[in-house]
Amino acid sequence: MDSSTWQRIEQLFLEALDRDPAERRAFLDEACGQDLTLRQEIEAMLGVGGDGEGDGLAIERTLLNEGQGRTFEETSTSRAGSRVGAWRLERLLGRGGMGEVWLAARADGGFEQKCAVKLVRPGWRAAELAANFGRERQLLARLVHPNIARLLDGGVTEDGSPFLAMEFVDGEPITAWCGARRLPIRERLALFRVVCAAVRFAHANLVVHRDLKPANILVTADGRPILLDFGIAKLLDPDLSGSAPTRGDDRLLTPEYAAPEQLRGEPTTVATDVWALGALLFELLAGRRPFDTSGRSIQAIEQMVCHEPPPPPSAVADPQSSAALRGDLDAIVGNALRSEPDRRYASVEQLAEDLDRYLADLPVRARPDTVGYRIRKSVRRHRTAFLAGCAFVGLVLTFAASSLHQASSVARERDRAVTANHDSEEAIAMLVDLFRLANPKVTAGGDTLRVDDLVGLMTERLEHSEESPRVRAKLWSTLAEVHHVRTRLDEAEAATLRGMAAAEEAQAEPELLHLRHQRAVIVQFRDGAAAAEPLLRESVRQHERYYGVSGAELAPVLQDWTSTLTDRDAAARVLDRVLPDCLAAPGGSNRDRRRLQPDRCESLGARRARGAGGVRARLRHADPGSGGGQCGPALDPEQPGAVRRPNRAFRGSGAGPARDPDQPPSHLRRTIVLGRGKLDEPGRHARAPGEIPGSGRGPRKRGGHHLLTIGADHAEVLAMQSDLASALVRGGRPEEGFALYDRLINHLQAQAVPESTRVMQLQLARTRGRLHLGLPTSIAQARRLTRQVRGTANPGLLANALETEGLIALTSPDSGNAAEARAALREAIELRRSTQFAEHPSAPFLSVAESVARAAAGVPIDRDSLAASLRQCERWGMAHPGTLRRARRLLAD
Amino acid sequence: MGSSAPSLPPDAFLAYDRAMYEDLAASIKRLAGGETAALDRVVQLLYDELRGLARQRLRSERGEHTLGATALVNEAYLRLARQHKLDVESRTQFFAVASTTMRRILVDYARTRTRVKRGGVQERVPLEDDLPFLSDRETDELLALEDALVRLAEANPEAASLVEHRFFSGLTVEEIAEMRGVSSRTLQREWVAARAWLRKEVARDLGLPD
């Protein structure tokens, strides 16, 4: 037989076969004409090789059989009752391209357990599957989740066909379940959320489903959705585990639910499951599948799914539910069903989150931004969160201000200044634009925009921003700070990553460095020191590379890095060596300066104290004999001798005028930074009652850090200024110091809260300054202050007030005051002892002062203990000089 | 498939087997890489292995007296794939060679058997040690099929190869389509036509009723 004869036979035979049997005769009459041999041949073929596998030759069955003289499909009924592994097959549940699914029970009599056994049809794949099986099985066995059907067992039958035993789930496909119960949309969404959570769990365990569809998501009678066949698609298709994607007629595919990349034969990822979930959500909401694939060839399906966007669910849903779907749900489904995997939700988590946002009436991320939409959302919630809004406004303004400042004063080169200035203007324009939306005159209900809305707006603007990458980098950084403040740490980190990308695009090294550091700090907050240490170490390295080994820019990074070190002493050594130079170094942006807040030292001090064994360690660190120059033990700033760098510029400042009367401001600043600490009352500012009420700008405490500093009235700014005043008073410029105190006090009192703790602290500090310099003080005023402080229930502050009152009484020429002084000092000692560390650094001084008061009242004193206390005070170079002098005289007598 | 118990634990190979499969995998890779000289080696190894597997199977106490060529090839492949990761190219080569080899084994057996019967020659039947490997009717059909297949190969080698894969390795049309990178629909039609033609030829050859 030659090739053309065969071609003709084949063609005619197939054409005849396509026809109705009744028409075949007529067809052959015409097609074969006089060629009777051909006609006989075709007719014979039609006779033996008609439709279906039918009766063939005995040898065919022998060749193809699986041991029983029949094909796999033909033997299925006879398989009932047979054993597969430890399982006895009971009932055929279904049959598909890959093989059959049987209901089975344990055959080894161990215990009653039902399962669904999947028998895989043997074939060239089957063999490969068996080979891959062990590895995948372990992965799947780890997938224990209440909403995922477990893989119980698996193995290879003796003819080399793999089988799987899965937890048997008696349920209905999720779509049918919802349909039968006419479930309202919200309940469908709730059910869908559970499905999302299960898929997320699997993704976290490195298993992608790849074949999510209603038939694989059954809902049990008690309403629990259970996902079947997790990871089975991969198990059944070895190519999925390799690099070569399977093209063409992939039997494993369910074309109606296949994602575009699956149809295109591209690798499948978590995005594939996102798509499938989108398709499922579509079907749950609209009652039909996103693409009408019925009766279409796989090529047509591919064309449709890959190149045509699905209709919005609302367009195909029935009219009652259509309105509810329009908008957010349309957008969410649309986002999940994007043809390009990387344009979908990046994870199932994001999809679920957006649904949560929808359910909470928050703006969904999938939704394109329009002002009206924001406002509708906002108004719908009917909530105003003005204070939080203020914080946000403050933060962005701080950003704007700081970048302006940076532009004007910091840039090392003229060019950079110009760029920075330009950047700031761009950024500010964007921010102003943003806040215009909050103006009720511009958008109805705009003043009810919440921080969430603003943040969301800013995020979306940034995502679609055409600003220069440098500006975007800065804005992402600001946004990250906002998220950080609000402890949305995942979002914060994500924002820093976006910012880093923008900074890289802009080749803006300082911004990149800043963002890198920012991210590390966020990670430290979220995941702890160990997780952040490598990031911070790298941050330090990069900063050093760019800025050099010392510099103001390095200091905060260094501080943060050392805070992650478990070896506290090593951390302290690093800081001692590097930090002072960093701080003294010229340059550094205002932003960096701002970051160098005392509270950073404080928290470091606190951490160090905790890490190295508490107070004792603090005291040791405070001891100049141990190496001196520490970051300073935590001491009350208002204590005499708040400056605690005895080996450095301010050595001995507590005992007299500083050595160098013309200290440069940078030294002062360093003093402030290093000298101030509030270890004993870590939350004092944050918790102090009556503190700048209504401003909502108190420092936010999160895990011991102050995170937010804004505005002139901010507690930290005030504290720094108070420290500055204290340093000025003790550093030889008392007029400036007292003037600053007065300004601060007046400023606060003008804020209509004269009794605020802050004011009292400042008043006390001012009085202590006068005492320190031996200036006249008023005992009456001191008593009044003590009374006020008693009302605040702040033991630290009260101890301070009592001590101050005692000292004033002690210096008063009226000897009758000695008893009052003694009483006040005793109470202060008692307070410190009961509410604070016994080793509070002011304890020895209080003890000295109390001895002096005793002596003044004519009561005998313990000279030895006085001498010991005095030595401690002297070693620290702090405390009230006048009292110390009197104590020395007492001992000399 | 039917009655099944877990079998073939991965370590059930003798050292001999392992060495053989190593040789086989390497040869298949060479073949897949275009080294046609490796074909002889692959055929030789597979010929022996498939016969060995058939013998094991027929001797086993499970009372199976039928061949199951598909199962044999699967088993050989399974053993191979367990030990050696094969790429798609090698897998294709394996099944191509295995189909041809299985066909040769069966035809060799059928011819020997016929010769023995016909001539009464006391010739040792090599394959099954006198176990009933194929029935008389199956033997006749196989030989007629072989002749028809040779004729089909003259007219359309691809159709003949399709039949060979389908019958002697038990691959489905879809699998063969995937292997060849063609549409399974086209191949399915070719298969139906080829099978009908072969059935007709065998029936005519053996004088069977239509």
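Predicted model: local features only at pLDDT ≥ 70, side-chain atom pairs only at ≥ 80, totals over all residues.
Residues are numbered from 1 along each chain as its sequence is written.

Colleague: How do you know that the span of helix H11 (residues 270-286) of chain A agrees with expectation?

Modeller: The expected span is 1.5 Å times one less than the number of residues. For the 17 residues of H11(A) this gives 24 Å, and the end C-alpha atoms are 24 Å apart, so the two agree.

Colleague: What caps the N-terminal end of H11(A)?

Modeller: A:Thr269 does: a side-chain oxygen lies 3.0 Å from the backbone nitrogen of A:Ala271, and a polar contact requires N or O atoms within 3.5 Å, one able to donate a hydrogen and the other to accept it. After H11(A) comes A:Gly287, with a positive phi near 85 degrees.

Colleague: Why is A:Glu511 called buried?

Modeller: Its relative accessibility is 8%, so A:Glu511 counts as buried. A:Glu511 belongs to helix H23 (residues 509-527) of chain A and touches, among others, A:Arg470 and A:Lys474 (heavy atoms within 4.5 Å).

Colleague: What makes H33(A) roughly antiparallel to H34(A)?

Modeller: The axes of H33(A) (residues 734-749) and H34(A) (residues 757-773) come within 9 Å and cross at roughly 160 degrees. Angles over 145 degrees count as roughly antiparallel, so H33(A) and H34(A) qualify.

Methods. Chains lettered and ligands numbered in written order. Heavy atoms only, no water. Helix = DSSP H or I, 4+ residues; strand = E, 2+ residues; numbered from the N terminus. Buried < 20%, exposed > 50% of the residue type's maximum accessible area, 1.4 Å probe, protein only. Axes fitted to C-alpha atoms, helices over the stretch in contact; angles between N-to-C directions. Parallel < 35°, antiparallel > 145°, perpendicular 65-115°, else oblique. Lists of a residue's contacts leave out its neighbours within four places in sequence.
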